[in-house]
Amino acid sequence: MSTMSSTIEVNGKVISKSRYALTAKISGILHWKISQNSTVAKGDIIALVTNKTRDKKLQYLHNKLSLQTNELNFFKTKLQTSLEKYKMGVASKNSYLSDKIAYEHLKEIYHSTLNEYNLLLLEQKNALIKAPHNGVLTNFVSNNSYINYGTTIAMLLDENNYVKLFVDSSYAVKIKKEMQVQLQSSYKNCFATIVNILPKTSNNLMELIAKPAEKLPLNLQLTAKIILKNLNGILIAKEAIVLVDNRPAVYLIDKNNIAHLAFIEIQKDMLQNALIKNTLPKDARVALKNAYMLHDNLRVSVK
């Protein structure tokens with residue numbers, strides 16, 4: 001008696017669990033701070049976007065705001081003085097209103113400049129690009145190239161990798177989720193569990209997604225044994241099996257040394273042996289040598 005696994009061997013590769021398109025939130029010249037296919041952690045600085053025109057305008061607006069602030073403070077003091085003179089009766093109401101209108105107009109100009117400056121300042125903060133989460137960065141846009149707002153500059157691959165397996169579609173009804181897979185590669189051997197069966201097929205192959213028990217490098221090529229089910233039966237030498245009417249059979253030798261034909265069902269065929277269903281009588285004696293020379297009810301000499 002023996003217990004064996006019914007398996008199939010397939011090819012596969014390690015893929016990322018998810019892909020995240022990294023897009024620019026600012027226009028300018030892109031400068032990478034890391035190399036292609038680098039592993040990054042959330043918050044790591046990965047690139048800088050520079051824009052000389054924006055930098056010059058920021059400096060110009062900063063200086064302009066400084067001048068407008070001084071001017072606004074001057075007019076504010078002037079308006080306060082004008083109000084006091086109007087209350088004392090030494091200045092006209094029209095003079096006070098004129099100074100008030102000039103002050104309000106200057107304040108509007110100041111806020112308009114401030115809004116423009118803050119907008120550019122926000123862009124300046126977006127010039128420093130950080131990794132949104134852990135993963136591997138790939139598919140870089142060329143270093144020192146000009147990019148626009150919304151340009152995809154790289155792909156961030158999830159650090160939690162899966163395995164994609166390519167299986168002959170004839171096994172579609174036999175493969176289920178949660179089945180165990182034995183992964184074999186030059187890097188490491190480990191187990192995986194089937195988590196998804198993709199409906200699409202190509203070249204008569206269907207795709208399976210399996211979660212490995214251990215972390216594997218991206219794009220690793222591997223082979224996998226999918227355990228379809230466990231088989232219980234009798235392990236017998238293939239030399240004992242004969243074909244009768246295109247059906248497998250063995251010869252059983254009774255206590256009187258008479259050969260009797262018994263048809264069997266092969267569960268797993270191997271190089272030297274075969275696993276057959278346990279349909280033979282208890283304590284049956286099977287002819288292991290020269291079985292091809294026998295026929296039913298033939299008396300034999302057992303050695």
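The legends below describe one overall view and several close-up views of a predicted model.

**Figure 1. Overall view of the predicted chain.** Residues are numbered from 1 along each chain as its sequence is written, and side-chain values use heavy atoms, with hydrogens and water left out. Because the model is predicted, local features need pLDDT of at least 70 and side-chain atom pairs count only at pLDDT 80 or more, whereas totals for chains, interfaces and linings use all residues. The secondary structure comprises two helices and 19 strands; helices (H or I, at least four residues) and strands (E, at least two) are DSSP runs, numbered from the N terminus. Along the principal axes, the C-alpha atoms fill a box of roughly 145 × 40 × 30 Å. The radius of gyration of the chain is 41 Å, while a compact globule of 303 residues would have one near 19 Å. This radius is taken over C-alpha atoms, and the globule rule is 2.2 Å times the number of residues to the power 0.38.

Figure 2. Of the 303 residues in the chain, 35% are buried. Buried means under 20% relative accessible area, exposed means over 50%, and partly exposed lies in between (1.4 Å probe, protein chains only). The chain exposes about 19,000 Å², of which carbon and sulfur atoms supply 51%; accessible areas come from the Shrake-Rupley method with a 1.4 Å probe, and for residues only the protein chains shown count as cover. Among the contacts (heavy atoms within 4.5 Å) with a separation of 6 or more, 71% are between residues 24 or more positions apart. The chain carries 40 positive and 23 negative side chains, and the centres of the two sets lie 3 Å apart. Lys and Arg count as positive and Asp and Glu as negative, while His and the chain ends are not counted. The place of a charge is taken as NZ of Lys, CZ of Arg, CG of Asp or CD of Glu.

Figure 3. Gln68 is found in helix α1, which spans residues 52–88. With a relative accessible area of 7%, Gln68 counts as buried. Leaving aside neighbours within four places in sequence, Gln68 is in contact with Ile109, Tyr110 and Thr113. The side chains of Gln68 and Thr113 are joined by a polar contact of 3.1 Å. A polar contact is a pair of N or O atoms within 3.5 Å; within protein, one must be able to donate a hydrogen and the other to accept it, and residues adjacent in sequence count only if both atoms are side-chain atoms. Lys64 also has its place in helix α1, and Lys64 is partly exposed at a relative accessible area of 30%. Between the C-alpha atoms of Lys64 and Thr113 there are 7.9 Å, although these residues are 49 residues apart along the chain.

**Figure 4. Close-up of Lys188 and its partners.** Lys188 is found in the loop between β11 (180–184) and β12 (190–202). A relative accessible area of 29% makes Lys188 partly exposed. Beyond its neighbours within four places in sequence, Lys188 is in contact with Leu183, Glu214 and Leu216. With Glu214, the contact includes a polar one between the two side chains, at 2.9 Å. Leu216 is 28 residues from Lys188 in sequence, and the two are 7.8 Å apart in space, C-alpha to C-alpha.

**Figure 5. Close-up of the loop that holds Val141.** Val141 lies between β7 (135–138) and β8 (146–147). At 22% relative accessibility, Val141 is partly exposed. Apart from neighbours within four places in sequence, Val141 is in contact with Leu30, Trp32, Ile147, Thr152 and Ile153. The C-alpha atoms of Val141 and Met155 are separated by 9.8 Å, and the two residues are 14 residues apart along the chain.

Figure 6. Glu178 is not a glycine, yet it has a positive phi of about 75 degrees. Glu178 is placed in the loop between β10 (161–168) and β11, and it is exposed, with a relative accessible area of 58%. Asn290, likewise not a glycine, has a positive phi of about 60 degrees. Asn290 lies in the segment after β19 (273–276) and is partly exposed at 41% relative accessible area.

**Figure 7. View of Gln80 and Ser186.** Gln80 lies in helix α1 and is partly exposed, with a relative accessible area of 45%. Gln80 and Ser186 are 106 residues apart in sequence and 83 Å apart in space, C-alpha to C-alpha.
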